[in-house]
Amino acid sequence: MSNRLNKKKQSNRLGLFFTACILGAASVFFNQLVLALLASLTMCCSFWNLIENRPEDENETIIPEKHEISSGRLILTAILFVLAILFGTGAVDFSKNPEAGSLSLILWLTSIILIILTGMVFDKANPFAWLKRIEKLPLKMRKHLFIEISIVAVITEIALFLRATDLDHFPAVMHGDEGEIGMEALRVLGIGNPIAPFGTGWAALPNLFFYLPAGAIHIFGRNEIGIRMVSALFGTLCIPLVYLIGRKFWGKLAGFSGAWLISISHFHIHYSRLGVNCIESAFFMLLFILLLLAPHSHDPPGQNQEWKKSDASIFPKAKFNITPYIAAGLTCGLAQYIGVYSRLIPLIALPLCIVLFMQKRINIIQIAILVFATILAFAPLGVHYLQHPIDFTGRMETVSIFNPDNIKNMYGQNTTLSNDLVSIFQKQIRKNLNFYLQSGDGSSFYDQTIPAFDFITALLFWLGLGVVFARPRRLPEMALILWYVFGTIIGGVITNNAPSGTRLLIVTPMVFITGGVFMQRTWNILNDFLNKLFLHRKVSLHLQLDSYRVFTIQNKLSNIRSFLIWLSALMTFGLSAVVLGINIYYYFGVYPKSMNILPITITKEIILDAPSDHVYILGHGDIYANHGTIRFLAGVEAAIDLKSIDDLPALVKDGKGITILVTYSNFDKINSIKSRYPEGIMTNKYIRRNLIYMKYQIPPLSSE
């Protein structure tokens, strides 16, 4: 009777699984959010209370052993800790004086180094312990480990190639915000007014962020490569972090799948090729999740079984450590120097720490250490925010959906928050959830007609979301849920111009990890089913047949099992190739046709003509001389705005002529220019057969 009930339950689960897959495929194909939500709910029901074979209970509380420390090491730990406080206090004190910026930066960096050393001394940490662990591995496991590392390295190299090559030509457009950030970075390099490291600059961004592109500009020059290389490197570093999170908490397939999906994602590639402060926040989010959860996670089902059987001493027992919490705290604090997007990290950290404390996986001392490290890293900027609160709240107030002007601009002049609150939030939620389906980026940084995620990634995400919600009490799944819910609400639902890719970018790594989770857990169930089927048939055959016939049938079953495994692998590789093709097509095929290349094209024209001519721009809003792209690439005084033809100065005998760049909204004024300077030469500038601007060149006066 029980066997019959079990078979019925398995059949029901299988039916729900395939129903969810069909609903998910339909939701992506027809772009129907309701179907996507139903697919996630059905998949959740399919996986709910499903217990896979695993070596130990994943929810078991790990109680650390009592930490024994010698008196000498304890004294050294206390000295380092006190020094970290003193140097940090000095950094905060000197940060108030802009003229002492270099000294405050040195003190701040020293305090961070000291708190790291504090943790290492207290824990008696050996930075090279991992080498000894590798040496202790059996030869077969060591070989598998190197193969695994090689695969991750290849995926990361592909990601780097897609992000860092030809940055000076693609994307051909250069957003004005890139130029503004570049101008602030030039201040770090001594070009322009000095910059205090712990203040705020353009758009209230923390000044310390500008030190990153400043270093790249110093190496690669004042050009597109210099301003974009930092984003390319941080975007590439996201790939191994996604792999480590997937592999650590769910399994190798989750790690490989998530890493591959994010490495070839056109959306992630695009923001890795822009010199704006977005992709760095996603990196810090991934790093924080890994650092906070890694000490509290068992190996996923089926992982490292040979290691445990061969040498249990390879894996150290849980003990009271503080270094992981120092690292997590510093990550959280340093992330705040990137910008407002990183404020999601402490919001997720709070409930996770509460859960860890309630489960007795972390004690009050470790929480205090994490908070202290966060404050130590954040303190100089935090003091600035206390003195200038508008720098902290200004950007949030500007983009908030609670801003009456934003509501009217988005939903009509008669719309108010008090009368239409429910309707507004329904629309906001739908817009932002559609972002994870087939909607595009609503910001000005990308093409809104291109879906943020290809249909396969979107399908894997919505199915994986159901798998994740099936185990909400498990810590890694809980982290993904908090990441998704908080990030979507804060970065999308309560902001204007939804869905904005710049604000939701910090959430997107969770999409790829979730897709990998679906792949891993589906494979776990399939593999478990094949193993049980093979074992059951093996026992039945021994009871019914002679040994020769048993051997023959067992070989056939083994071949069938191998065939199914290879078929699954080939399907996975085929799916990976299709995803790659779709994303390459989106980014390098579709996107170039929609770029707003007017700013960068006129900037290059200015760079070409400025040495021989006085350059004037007749733009009236289409483009202007103070545009960030022009100022960064061409120079602050490379061009002058013209409000009307009457403002055009007369030629002087300085050896230079005049170049007038006329944008499309001012083409009707070109005849007036010709009549005033008939000796000039007109040149029409076309891009993809579209006339985007005209150039009228007036030769210099003769010196005779």
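Which residue in E5 is the bridge partner of Thr-659? In E5, that partner is Gln-697. The model is predicted; local features need pLDDT of at least 70, side-chain atom pairs count only at pLDDT 80 or more, and totals for chains, interfaces and linings use all residues. Residues are numbered from 1 along each chain as its sequence is written, and side-chain values use heavy atoms, with hydrogens and water left out.

Strand E3 (residues 657–663) runs antiparallel to strand E5 (residues 690–698), and 6 bridges join them. Strands pair if DSSP finds at least two bridges between them. Helices (H or I, at least four residues) and strands (E, at least two) are DSSP runs, numbered from the N terminus. E5 also pairs with strand E4 (residues 681–687), in the antiparallel sense, over 7 bridges. Here Lys-685 has Tyr-693 of E5 as its bridge partner. E4 and E5 form a hairpin with 2 residues between them. In the turn, Arg-688 has a positive phi of about 50 degrees.

Helix H4 (residues 101–123) has 23 residues. From first C-alpha to last it reaches 33 Å, close to the expected 33 Å (1.5 Å times one less than the number of residues).

Helices H15 (344–358) and H16 (364–387) each supply at least two residues of a nonpolar patch. H15 gives the largest share, 4 residues. Leu-350 lies in H15. Leu-350 counts as exposed because its relative accessibility is 55% (buried is under 20% relative accessible area, exposed over 50%, partly exposed in between; 1.4 Å probe, protein chains only).
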